[in-house]
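Morning, everyone. Let's take a quick walk through this one. Here it is on the screen.

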Amino acid sequence: MWMYALRRLVLTIPILLGVTIICFALVQIAPGDPITSLVRPDTPPEQIAALRAYYGLDQPVVFQYLMWLWRVLGGNFGTSIANNAPVASEVMRAFANTIVIALISVLFAFVVSLVLGTIAAIRQGGIVDRLVTALAVFGISVPTFWLAVVLVIIFAVNLNWLPATGMGASGSDSFNYFVWDDFKFAIMPIVALALPPLAIMTRITRASLSEILNQDFIQTLRAKGLGGFQIITHAIRNIMPAAIAMLGLQLGYLIGGSVLVETVFTWPGTGALLNKAILTRDIPLLQGTILVLAGAFVLINLVVDLAQSLVDPRIKRS
Amino acid sequence: MTDIPAGSLPVDKSQSAPSTKVRGYWGSVWNRLRYDYTTLFCMALIAAIVLAAIFAPWLSPMDPEKSSMANRLRPIGHAKFGLGTDEQGRDMISRLLWGGRVSLLMGIVPVCFATLIGGAFGIIAGYYGGKVNMVIMRTMDVFFAFPSVLLAVAIAGSLGGGIGNQMITLTVVLIPPLCRVAETATAQVRSLDFVDAARASGASTYSIITSHVLINVLSPVLVYSSTLVSISIILASGLSFLGLGVSPPTADWGLMLSTLRQSIYVQPLVAALPGVCILITSIAFNLVSDGLRQAMDVKA
């Protein structure tokens with residue numbers, strides 16, 4: 001177990017380094033010279049050269065990267081162009097808002113998908129199975145931002161049940177998930193985020209469970225006289241490692257993919273931050289946010305792999 | 001938004017290759033496909049959507065970019081504007097037809113590029129193995145460390161908007177999963193006896209790849225590419241929604257959705273229309289790729 005954990009941990013380091021290289025490259029592929037966009041157009045060339053040297057932009061790219069990496073490791077993600085605030089603190093505040101709704105929606109999707117997938121696998125070809133399949137196709141094909149807009153049209157504009165946008169009646173600082181008047185604001189973002197993972201996980205649950213149910217040991221259990229419910233618990237135990245893997249993967253996708261949904265609901269998370277960075281062409285802010293999100297995705301995958309090896313002893317040996 | 005499923009395609013060719021049948025491979029695929037009415041219907045639907053996009057200049061009743069302040073936000077079923085007008089009084093039918101051109105292009109072109117590039121890298125990695133494999137596949141692993149939406153937003157956000165940048169972005173995002181599928185399929189084919197036999201009989205690497213490996217890698221890669229079309233359309237419309245796609249007054253479905261968002265209180269149904277187009281197109285592509293997967297006997 002510990003050897004596996006250690007090896008998995010070591011393998012994460014080159015991936016994280018690769019992530020930082022890509023994030024660094026984002027600034028390089030951005031069109032336009034960062035210095036000329038900072039200064040007035042009539043600035044003398046000597047002054048531009050001095051600025052270039054001051055920011056280290058006259059150094060080779062590899063050296064620039066190492067300098068940047070060193071700063072990032074120290075927690076300095078640069079300053080946002082728009083308001084001169086340090087990127088790190090801004091990203092962290094937004095990240096907290098994103099991870100909470102991502103966690104709630106992925107857990108919601110997980111529970112619902114297990115129930116739906118199990119019913120569909122037991123009653124294959126039945127009406128529930130067909131509805132589940134249709135839901136899965138819909139959930140995989142639907143653009144979440146459109147779903148978000150449709151939810152707003154139905155529940156905010158027509159029915160007036162839920163608030164259309166924002167986070168909390170009194171702003172995001174005093175937001176409390178355990179107060180209904182605040183939580184109302186989170187419901188539609190959570191549902192809009194949850195549908196695609198729900199569809200994918202339902203599909204996987206149904207497929208893997210029906211495969212398990214066709215195996216010999218299920219026959220044996222049946223021959224031993226176990227009831228339907230007990231057999232299902234045995235089968236579900238067998239798909240749990242795969243289920244945990246997909247849970248983690250989907251959580252990672254949600255954290256990265258929430259940009260569109262957060263934009264529609266103006267939820268002040270990393271997605272809204274990315275949107276702001278794009279609109280104002282604030283590349284340092286974009287870079288810092290992407291770096292944090294991708295890093296989180298890598299770490300989530302690491303935790304998932306370790307958790308999986310705890311649940312499923314077969315993995316350690318491979 | 002759907003995300004690219006981790007690409008792993010265990011293809012068991014030894015069970016499925018109907019080599020002794022009189023009917024060829026594609027013949028047997030078609031034979032399975034012609035009784036699959038859902039897939040056939042979706043294929044017809046896609047053909048209709050593609051034709052509508054190609055012939056948009058002739059089909060659209062009005063100029064899609066001609067705004068009229070007097071006719072803003074007309075409802076669906078209006079006598080002059082069948083599907084209403086948008087927030088600048090432009091005819092929705094014409095805009096949806098023209099927008100479909102961009103959206104379809106964004107679904108298909110990046111997938112084609114990514115199939116060529118990613119497929120080539122995957123075949124090289126899978127065939128040569130060893131260090132070549134390690135360099136290519138570990139590089140791809142780094143890209144897998146990004147959720148696809150995030151990677152798309154990151155690249156497009158840095159490059160800036162515009163159709164060309166959007167195509168580059170989507171191609172880069174789609175290459176790693178395709179490369180992985182091609183690599184897995186190639187590595188499996190490579191270990192089969194007939195490749196050894198071809199090598200023993202003196203065939204060059206080039207001819208082994210082109211005449212033995214390629215044909216066996218083709219169907220899993222093609223099936224996988226077809227699932228990526230709908231993902232590419234959704235990603236592209238998402239980027240346009242964020243303002244990272246076509247520039248106004250040209251519009252694709254994603255940008256239309258974004259600009260009509262302010263009008264949901266006035267004309268909710270009209271505002272939802274572009275999304276319906278995205279949804280229908282993407283469902284059709286998804287169902288066709290499911291059908292192809294079954295017909296081509298590729299396990300996923």
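Start inside chain A. Arg206(A) and Asp129(A) form a salt bridge, with the closest N and O atoms 2.7 Å apart. By salt bridge I mean a side-chain nitrogen of Lys or Arg within 4 Å of a carboxyl oxygen of Asp or Glu. Arg206(A) sits in helix 7 (residues 180-213) of chain A and Asp129(A) in helix 5 of chain A, so this pair ties together parts that are 77 residues apart in sequence. Over all chains, the structure holds seven salt bridges.

Some ground rules. This is a predicted model: local features need pLDDT of at least 70, side-chain atom pairs count only at pLDDT 80 or more, and totals for chains, interfaces and linings use all residues. Residues are numbered from 1 along each chain as its sequence is written, chains are lettered from A and ligands numbered from 1 in the order written, and side-chain values use heavy atoms, without hydrogens and water.

Now chain B. Its secondary structure comes to 12 helices and zero strands. Helices (H or I, at least four residues) and strands (E, at least two) are DSSP runs, numbered from the N terminus. The C-alpha trace of chain B spans about 75 × 45 × 25 Å along its principal axes.

Next, the interface. 42 residues of chain B are in contact (heavy atoms within 4.5 Å) with 45 residues of chain A. The area buried between the two chains is about 3,900 Å², and carbon and sulfur atoms give 78% of that. Buried area here is the accessible area (1.4 Å probe) that two parts lose on being put together, summed over both.

Which side chains make the salt bridge between the chains? Asp290(B) and Arg203(A), at 2.7 Å, N to O. The count between chain B and chain A is one.

Which elements of chain B supply at least two residues each to the side that touches chain A? Helix 6 (130-144), helix 7 (148-159), helix 10 (205-241) and helix 12 (268-295). Helix 12 of chain B gives the most, with 11 residues.

By class, that side of chain B has 28 nonpolar, 10 polar and four charged residues. Ala, Val, Leu, Ile, Met, Phe, Trp, Tyr, Cys and Pro count as nonpolar, Asp, Glu, Lys and Arg as charged, and the others, Gly among them, as polar.

That's the tour. Thanks.
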